[in-house]
Amino acid sequence: MARRHEDASGLFTRRALVLSGAGITAFGALAARLYKLQILESDRYRGLSDKNQFNYQLLPPSRGRILDRDGVPLAKNADNFRLLLEPEQVPDLDDLLARLSKIIPLRDDMRERIRKSLKKRSRSSAVVLAENLDWAQFAAANLHLPELPGVRPEVGELRVYPDGPSMAHVIGYVGRVPESMDTEDDPLLRHPGFRIGRTGAEKALDKKLRGHAGALKVEVSALGRVVRELPDPATSARPGDDVVLTLDQRIQNFAAGRLKGQSAAVCAIDIETGAVPVLLSTPGFDPNLFAKGISGPDYRALLEDEFKPLFNKALGGTYPPASCIKPVIALAALQQGVTDSHERVRCTGKIKLGDREFHCWKRRGHGPVNMLGAIGKSCDIYFYEMARRLGIDHIRDAVHAFGLGTNFDLGLGGGNTGLVPDQAWKRARFGTSWSQGETLIAGIGQGYLAATPIQLVVMTARLASGRMVTPYLIKGQEPPEFDDLGFSTAGLGAARAGMVAVTEAPWGTAHRMGGLGLGDLKMAGKTGTGQVRRITKIERDDRVRKNNELPWALRDHALFVTYAPADTPRYAVSVVVEHGGGGSVAAAPPARDILRELLKEDPVTLARLSVTNTTAKGPAT
Amino acid sequence: MNEFRVARIERTLSLGAKVARINWLLVVLLCLAAMIGVAVLYSIADGSWTPRAAQHATRFGVFLLLMLGLALIDIRWWMALAYPTYLVALLLLIGVELFGVKVMGAQRWLDVGPIRIQPAEIMKLALVLALARYYHGLAVERATSLRHIALPALMIAAPVLLILHQPDLGTAMLVGATGAAIVFLAGLSWRIITIGAITGLIGGVAFLIFGLHDYQRARIETFLNPERDPLGAGYHILQSKIALGSGGLVGKGFLGGTQSHLNFLPEKQTDFVFTALGEEFGFIGTLSVLVLFMLILFTGMMIAGRARHSFGRLAAAGVCVTFALYVLVNISMVMGLIPVVGVPLPLISYGGTVMLTVMIGFALVMNIHIHRNSELPSGRGFFL
């Protein structure tokens, strides 16, 4: 019994030691493993833990505003209540969308877009679920957030253009970052709510307006819910800079109203500084639609509109300068000594060159006209003669000096050089030699000549000042002091006198509209009627059809260029009304009105007006 | 050692003598482990006694009293109830098979009126008791023989197969391993052990290939390559390793564990409590817990070694083996060394069932300590 007991005990002790040894080995292995995990590999796991714990949220900067010359905002920001989706935190998208649609309306195209952007973007970057929600919807979504895993509410920015269509071409608009764009250099470009300047000043000045993104360190739970925000002033977003334009918001809107319903362009320029207070292309479009994301049908309608609302005609539209060119031709003729201001040319309504006849717009002719009369009455025969005497090379040089053929895009892009033809150009373009008839046609601003409205206003400003006025739109991009163009005072005086006669002489082409209407201040101008069709011999023999008898697209372009006051020029304005008919009727009155509004805001002119008013009133009282 | 050898074999003990023999070291060590559990649960709840820390403490207090009570009753009661308990546990396992409640795909629970019991949990101790009881009456020579391996083998295989079928791979392996350890301690010959090990190995491989449920297979695949799919099934293991590893030497500090507080850790109150602890207290904390468990096991094995009867030696050692396996499996699991099998860390993990099992087990150990010199009947009958 004792022996057996002794045996059993001894056996147990031996076996227990074996088992304990195994146990101690196992515990030792665990301790070793823990040592490896917690000591040797600790740094790596601490990094992973931090990655779990902290996220960086990109803080988009506030976009700079665009202001007019008086500080009136032309583009500003409003709150955009939106919902973002963190794709990696969504267990079931269909389920989520079903829940969400009970809170905010979700259109089918929105669902489609969400799915598409989810597919496109990497799982780590958020996509926009819905934006521009009203406060009630946003509040409701916030309330239901616990049932919407992966949804993050955010108050973003919506770009707002208070003036809408009238500023659309200059200001442009912002939109989603285009897919083709390289988004590597700025993480902001990958932020789902970020909007980039797509056209106009928004695009041209995007870098300045954009600002710099900040980063917000947040502590997140395993479900991605933000537990704590750890703001750091050093990493907060830096807002973009405001940008000031030379535009005058009130007058730009005035011009838009004045040309409502027309396909037209208006440019105005400060003759002394080159500042552009009005740069209008009508009809416009509502840039706010683009900022929010324009719908397909709306966009198509804009694209298909005959009046081309998306196109900036003021910078990019090219038109025959027509009779507006005549003061420049006159000046060139004087400068080259091919005439003097007193010489009279007899206008019989037509002249013959070889076997071709060239007609004056006035069938029966103006009779004998000198330079003053030729500009004032816009006699074509006189300028055919001057063009013939000058030759195309001199015409080209003069026209170039006045800004035609130069692309003034004002830093916005979308400008056009127009066309100033010469012999070399024609040979290169058509392979044929220049004919003298083409020189004659160029003398009245028709034929190959093409100019943009901004070129026309620059031409007018240069005529008014004799200096190489250059336009600018963006404060900070002021051109240097303007050089003298090198034309004689006498020549400039004669050309200007002709332009004054256009509006002030009883026989002037634009006299009927009744002058500037600001005290005794005089304006100078020049009408133009740009022919867009060829008038055939048969039609001319019968009767030239009037504009209102023609379809819109065949009617003449109406042009008018003007500056005032005639004695001390302050502003120049050009108006082009596409297919508007005669320049004196369709273009001159709105140009005059816009010019008047500009002068009413000019302190120097105002001072003069008040002096004349008091002296005028003086004797009466 | 000698002191005990020469001690008189005792028939009965007075209550006072029993109380005087309580092993207070074991009590203190168990209390320490439970207190660590309370601290971690308090931290996980963001520094709150609710919902778990206070309950854990209360539960432990009650079970400690229960343990001391059970330690003081006569050891013959334990012996007498060994077979009946085993039979009841086996019947309950069959009951689970027939009427069990399915929770998360596994049928482990049995609804008995208002309470829900987990028969596999009862079986862990019942098997220890029954095997110890079986070998107690057996001479060493017979214990080593092949003829007498049949009954213990059946006693082990029946519950293991039933538990496997629930399915609960973790518990089945725990029960099986405990049983095997007792058979080993009882003196099975090495020749049979070798043969058994080879057969077991072949059977195990066959089972791994043919017998696994999909979720078990997924667990094993995940285990082999946890970082392949960090947001899917491997997520738990990866997050657990991140929590442990980021704890470093001294940890992130009490209440400072980001992985647990931000919910990156799964099951942090139960199976992954060791990870939460490791994150906040670092290597120093985890090593301390390992040392504490080893001290408990050392104390338990010393008690087993001092018992003058086979029943006491084998039963106390069996409880220690069960306890050790809990700890080893749980900690290996949270470190990604073995697949996730759902075994909690005794005394520290929240949960009443396992704590109750463990405390009753230590009640048995304590009882054996108190009755180490008692004379036990050879016990050929069902009860004694």
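Trainee: What is the mean pLDDT of chain A?

Mentor: pLDDT is the predictor's confidence in each residue, from 0 to 100. Chain A has a mean of 89, with 96% of its residues at 70 or more. Residues 1–5 of chain A stay under 50, and the model has 2 contacts for them beyond four places in sequence; two residues are in contact if their C-beta atoms, placed from the backbone, lie within 7 Å. Where pLDDT is low, the predicted coordinates should not be read in detail.

Trainee: How many helices and strands are there in chain B?

Mentor: Helices (H or I, at least four residues) and strands (E, at least two) are DSSP runs, numbered from the N terminus. Chain B has 17 helices and 3 strands, and chain A has 24 helices and 19 strands.

Trainee: Which residues of chain A touch chain B, by class?

Mentor: Ala, Val, Leu, Ile, Met, Phe, Trp, Tyr, Cys and Pro count as nonpolar, Asp, Glu, Lys and Arg as charged, and the others, Gly among them, as polar. In this model, 34 residues of chain A are in contact with 39 residues of chain B. The largest share of the side of chain A that touches chain B, 21 residues, comes from α1(A). By class, that side of chain A has 18 nonpolar, 9 polar and 7 charged residues.

Trainee: At what angle do α9 and α23 of chain A pack?

Mentor: Axes are lines fitted to C-alpha atoms, for helices over the stretch in contact, and angles run from 0 to 180 degrees between N-to-C directions. Helix α9 (residues 249–258) and helix α23 (residues 588–600) of chain A pack at about 165°, their axes 10 Å apart. Angles under 35 degrees count as roughly parallel, over 145 as roughly antiparallel, 65 to 115 as roughly perpendicular and the rest as oblique; α9(A) and α23(A) are therefore roughly antiparallel. Among the residues that meet are A:I251 and A:F254 in α9(A), and A:I594 and A:L598 in α23(A).

Conventions: Residues are numbered from 1 along each chain as its sequence is written. Chains are lettered from A and ligands numbered from 1 in the order in which they are written. This is a predicted model: local features need pLDDT of at least 70, side-chain atom pairs count only at pLDDT 80 or more; totals for chains, interfaces and linings use all residues.
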